[in-house]
Amino acid sequence: MNAPVKQESASPSSMRLVMTLAIAGLISGIAIIGIYESTLPTITANKARELREAVFKVLPGVSQMQALVYRNGELVAVDEPGKDEPVIYGGYDESREFLGYAVPAAGPGFQDTIAILYGYEPREKLVVGMEVLESRETPGLGDKIYKDAVWVAGFSALSIEPEIIAVKKGTKSNPNEIDAITGATISSKAVVRIINEAHAAWAAQLPPPGSEPAIRETDTASTEAGQ
Amino acid sequence: MKKNESYEEFIKGVWRDNPVFAQVLGMCPMLAVTNSAINAVAMGMATFFVLVGSSFLVSSFRNWIPKQVRISCFIIIIATFVTIADYTLLALVPKVHKELGAFIPLIVANCLILGRQEAFASRYPTKLAVMDAIGMAVGFLVALLSLGAVREILGDGALFGIKLFSANFELWVIMILPPGGFLTLGVILLFFNWFKFKKDEFLEDVAKAERSGN
């Protein structure tokens with residue numbers, strides 16, 4: 001910092017005040033850049049691992065994945081999806097056979113945006129898994145959308161056509177119905193609505209079952225990340 | 001003598017002038033993130049790091065910082081430490097970081113930290129300032145933990161995520177919701193003040209007995 005100046009009763013010059021703040025800001029800026037740069041690789045790796053774990057959770061049996069985006073009328077595999085570009089993940093088993101899509105979706109919940117990832121099996125038109133990635137639902141009530149094992153298990157074979165309907169607990173009678181959580185009706189309906197909306201948005205863009213993009217040979221970046 | 005002085009600065013923050021129980025400072029993180037013991041510990045550690053780090057710097061540079069811009073300088077120093085704590089938690093314990101959410105950046109606005117810089121660190125030598133900061137931070141951590149533990153045990157039937165009761169235990173869901181924070185804090189403050197009152201009464205009795213004995 002500046003050269004030491006004795007505490008004097010006369011007020012110091014404006015120049016000195018400006019310099020003190022400028023130097024403090026400069027040192028602070030350097031420290032912040034340092035910590036940002038040094039933690040960035042870990043943070044990116046953590047996020048990639050979290051996503052990978054979530055994809056593997058919502059698509060049972062998957063061992064490889066790749067990011068897919070809709071460009072020029074077809075789904076293509078990419079390494080780095082563009083910013084703000086909707087992306088879904090294709091899941092493949094060990095023999096490189098296509099298993100299903102993992103679709104990230106978000107929408108308003110009871111408190112704040114709920115972000116989820118759901119597994120979609122296009123041949124049977126089934127939701128095969130659901131994982132909440134981000135939510136601020138009320139602890140003890142709305143947070144059951146990811147803490148209630150029975151509710152989460154309800155998404156393991158749920159028909160999505162014509163759409164999913166959340167019904168009062170214990171009254172599920174059709175394959176496209178799921179029991180809402182008692183005490184978290186708004187949050188459970190929100191999750192169902194988010195899936196329905198995302199499905200409606202993607203349905204026209206997905207290729208007919210059987211002609212999904214194959215996993216690429218060189219695709220190690222997205223599958224190895226975070227291992 | 002010197003040793004006693006540092007010890008005195010340390011212990012006053014933990015007990016007599018405890019930032020939460022005696023000064024009732026830092027209420028925002030206190031009520032917001034204490035719905036589980038692990039969140040309370042993470043918040044306490046982050047505050048510890050920021051408070052001790054900024055007290056050390058503020059005290060070391062106290063003769064260089066002109067008093068007209070001292071508050072701005074304190075805030076710059078505190079904000080830098082908070083940003084460091086924020087990124088470190090995000091990299092090391094992303095789960096806890098997610099739970100604490102916006103309350104980590106808000107440590108900047110914790111009046112406990114700015115208050116210690118203005119009231120203590122900017123006036124006393126570095127060694128005492130650091131001892132004072134450690135005392136206050138430990139006091140804050142103890143307060144957060146006692147609230148977090150009570151709320152998690154009653155509201156979630158667990159402590160540090162380990163289930164304590166059988167499935168028959170009816171959870172007090174309200175304890176992990178915001179009102180639970182107010183209830184628990186109120187009860188703890190009541191106890192703390194009752195204890196202080198009793199102690200003063202006892203000391204008075206002793207003094208009276210001594211006087212009449214003479």
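Buried residues make up 40% of the 214 residues in chain B, where buried means that 20 or more other C-beta atoms, placed from the backbone, lie within 10 Å of a residue's own. The model is predicted: local features need pLDDT of at least 70 and side-chain atom pairs count only at pLDDT 80 or more, while totals for chains, interfaces and linings use all residues. Residues are numbered from 1 along each chain as its sequence is written, and chains are lettered from A and ligands numbered from 1 in the order in which they are written.

**Confidence**

- Chain B has a mean pLDDT of 85, and 98% of its residues reach 70 or more; pLDDT is the predictor's confidence in each residue, from 0 to 100.
- For the complex, the predictor gives an ipTM of 0.74 and a pTM of 0.74.

**Layout of chain B**

- Chain B contains 8 helices and 2 strands, which are DSSP runs numbered from the N terminus (helices: H or I, at least four residues; strands: E, at least two).
- Their order along the sequence is α-α-α-α-α-α-α-β-β-α.
- The C-alpha trace of chain B spans about 60 × 60 × 25 Å along its principal axes.
- Of the contacts in chain B between residues at least 6 apart in sequence, 76% join residues at least 24 apart; a contact requires C-beta atoms, placed from the backbone, within 7 Å.
- Helix H7 of chain B has 31 residues and reaches 42 Å from its first C-alpha to its last, close to the 45 Å expected at 1.5 Å a residue; the expected span is 1.5 Å times one less than the number of residues.
- Just after H7(B), B:Gly157 has a positive phi of about 65°.

**Nonpolar cores**

- The largest nonpolar core has 51 residues, of which B:Ala46, B:Val50, B:Ile77, B:Ala85 and B:Ala133 touch the most other members; such a core is a set of buried Ala, Val, Leu, Ile, Met, Phe, Trp, Tyr and Cys residues joined through C-beta atoms within 7 Å.
- At least two residues of this core come from each of helices H3 (37-60), H4, H5 (94-100), H6 (111-121) and H7 (126-156) of chain B.
- H7(B) supplies the largest share of this core, 13 residues.
- Not counting residues up to four places away in sequence, B:Ala46 touches B:Ala85, B:Leu89, B:Ile104 and B:Ile107.
- A second, separate core of 45 residues includes A:Val58, A:Val127, A:Ala180 and A:Ile181.

**B:Glu9**

- B:Glu9 lies in helix H1 of chain B and counts as buried because it has 22 C-beta neighbours inside 10 Å.
- Its C-alpha atom is separated by 4.9 Å from that of B:Asp132, 123 residues apart along the chain.
- Leaving aside neighbours within four places in sequence, B:Glu9 is in contact with B:Leu128, B:Met131, B:Asp132 and B:Gly135.

**Strands of chain A**

- Strands E4 (residues 98-108) and E5 (residues 113-121) of chain A pair in the antiparallel sense over 8 bridges; pairing requires at least two bridges found by DSSP.
- A hairpin of 4 residues joins E4(A) to E5(A), and A:Gly107 has A:Ile114 in E5(A) as its bridge partner.
- E5(A) also pairs with strand E6 (residues 126-134) of chain A, in the antiparallel sense over 7 bridges, with A:Ile116 opposite A:Val132 in E6(A).
- The hairpin of E5(A) and E6(A) has 4 residues between the strands, and A:Lys125 takes a positive phi near 55° there.

**Contact between the chains**

- The contact takes 25 residues from chain A and 23 residues from chain B.

Methods
Contact = placed C-beta atoms within 7 Å. Buried ≥ 20, exposed ≤ 12 C-beta atoms within 10 Å, placed from the backbone.
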